[in-house]
Structure formats: C-alpha cells, structure tokens
Amino acid sequence: MQNNENKVQKTDRKPRFEKRNVQKADDMDKKLVDVRRVTKVVKGGRTFRFSALVVVGDKKGRVGMAIGKASEVPAAIEKATALAKRNMVSVSLHNTTIPHEIIGKYGKSSVKLMPSKEGTGVIAGGAVRPVVELCGIKDITAKVYGSRNKINCVRATIEALHTLRSAEQIAALRGKTVEEIL
C-alpha cells in the first residue's frame, strides 16, 4: 500500500525540463537575449568577463531590460534580471495589439511597430521579438532599420512601447471625449 502512495507523490513534481532561456521568477518571465565575452587589458594580461542582456516581462503590459556583467555567465544573468525588474515600464495595449503605429529610436537603430489584426501573430525578428512577447502583445508587425545591434534594438523597442498612448490618455490630455478623437 505504501508503494502506491509513494508513486502518487512522485508524479506531483513539476516538469524536470523547461523551455530554454525562459524562467519564471515572481510572476515574471525572463529571456536571455545576448551573452558577450568582454575583455579588459591590464598589466598582467587580459581579464575576461561576461555581459548578459536580459528582458523581463509579466505578459500583462509591463516589460524591462538590463545588462549585467560578471566573471561568470550565471552571475551576469542574475544581475541583469534583478536590474531589469527594477527598470520595468508600463505599455498601453489595445486588446492583443498596440493602439497605433510608432517608431522608437536608440543610437543608430530604429524600430517601427505596427498594429496587426487579431490572429496575425508576432511578426518580428531578432531582439525585438522577446521584448514584444514578454510585454504580452500577441499581434504585431515590426521592422528594424539601421543598426541591428541587439542592445540598441531592445532599447529602441522599449522606448517605442513606453511612448505609446491609448485613446483615453490622448482624450484626457486634449480635454475631449474619446468619441471626438476617434
């Protein structure tokens, strides 16, 4: 009888293997976008460290990014995750997409975000996709112009999402009703 009870308890465990580069932490999902090995030249030779770019989001309209540096990759990821949670921004969403078209710029990277019909999916590549997915946007089209540097693309995307305004926010700024604006 005890053997049957032990078997039931063993099956209650969570899955041993999860999706790579996506982890749950405090109701937040995180994705590792880029890891780089950076070098500092000193008198005794070179010192190697690792730089990790991490994007964190709750899939409900909040997203953040950060870069962490450490002598080992896991420590760099951990630092970046903690910083990203502190640097979260809120995003205006309209159902499963964004309210209007917008362009975000950072450095020589420009990211154009365009709303799409429901069911289109996320049509974005490179470093823009993890930001948009972790934000909770399910239908969007994105295009990167200029530099495709991952850090600059992520920052340009977050800057664009942060400057989005809903119809209610614009109406409040102008002192009009939503119907007058639409």
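T97 sits in the loop that links strand 5 (88-90) to strand 6 (102-106); helices (H or I, at least four residues) and strands (E, at least two) are DSSP runs, numbered from the N terminus. The model is predicted, so local features need pLDDT of at least 70 and side-chain atom pairs count only at pLDDT 80 or more, while totals for chains, interfaces and linings use all residues. Residues are numbered from 1 along each chain as its sequence is written, and side-chain values use heavy atoms, with hydrogens and water left out.

T97 counts as buried because its relative accessibility is 8%; buried means under 20% relative accessible area, exposed over 50%, and partly exposed in between (1.4 Å probe, protein chains only). The T97 side chain comes to 2.6 Å from the backbone oxygen of D139.

| Residue | Residues in contact (heavy atoms within 4.5 Å) |
|---|---|
| T97 | P115, S116, I137, D139 |
| R46 | T39, K40, V41 |
| V154 | V33, L53, V55, M65, A127, V131 |

R46 belongs to strand 3 and counts as exposed, because its relative accessibility is 60%. Strand 3 (residues 45-57) runs antiparallel to strand 2 (residues 28-42), and 13 bridges join the two; strands pair if DSSP finds at least two bridges between them. Two residues separate these strands, which form a hairpin. K30 has V56 of strand 3 as its bridge partner.

Helix 3 (residues 128-135) is mostly covered, with six of its eight residues buried. These are V128, P130, V131, V132, L134 and C135.

A nonpolar core is a set of buried Ala, Val, Leu, Ile, Met, Phe, Trp, Tyr and Cys residues joined through side-chain atoms within 4.5 Å. The largest such core has 31 residues, and V55, V63, L113, V128, V154 and L161 have the most contacts inside it. Two or more residues of this core come from each of strand 3, strand 4 (62-70), strand 7 (109-115), helix 3, strand 9 (140-146) and helix 4 (150-162). Helix 4 gives the largest share, seven residues. A second, separate core has 11 residues, among them M28, A52, A70 and A84. In soluble globular proteins, nonpolar side chains tend to be buried together.

Definitions and conventions: A polar contact is a pair of N or O atoms within 3.5 Å; within protein, one must be able to donate a hydrogen and the other to accept it, and residues adjacent in sequence count only if both atoms are side-chain atoms. Lists of a residue's contacts leave out its neighbours within four places in sequence.
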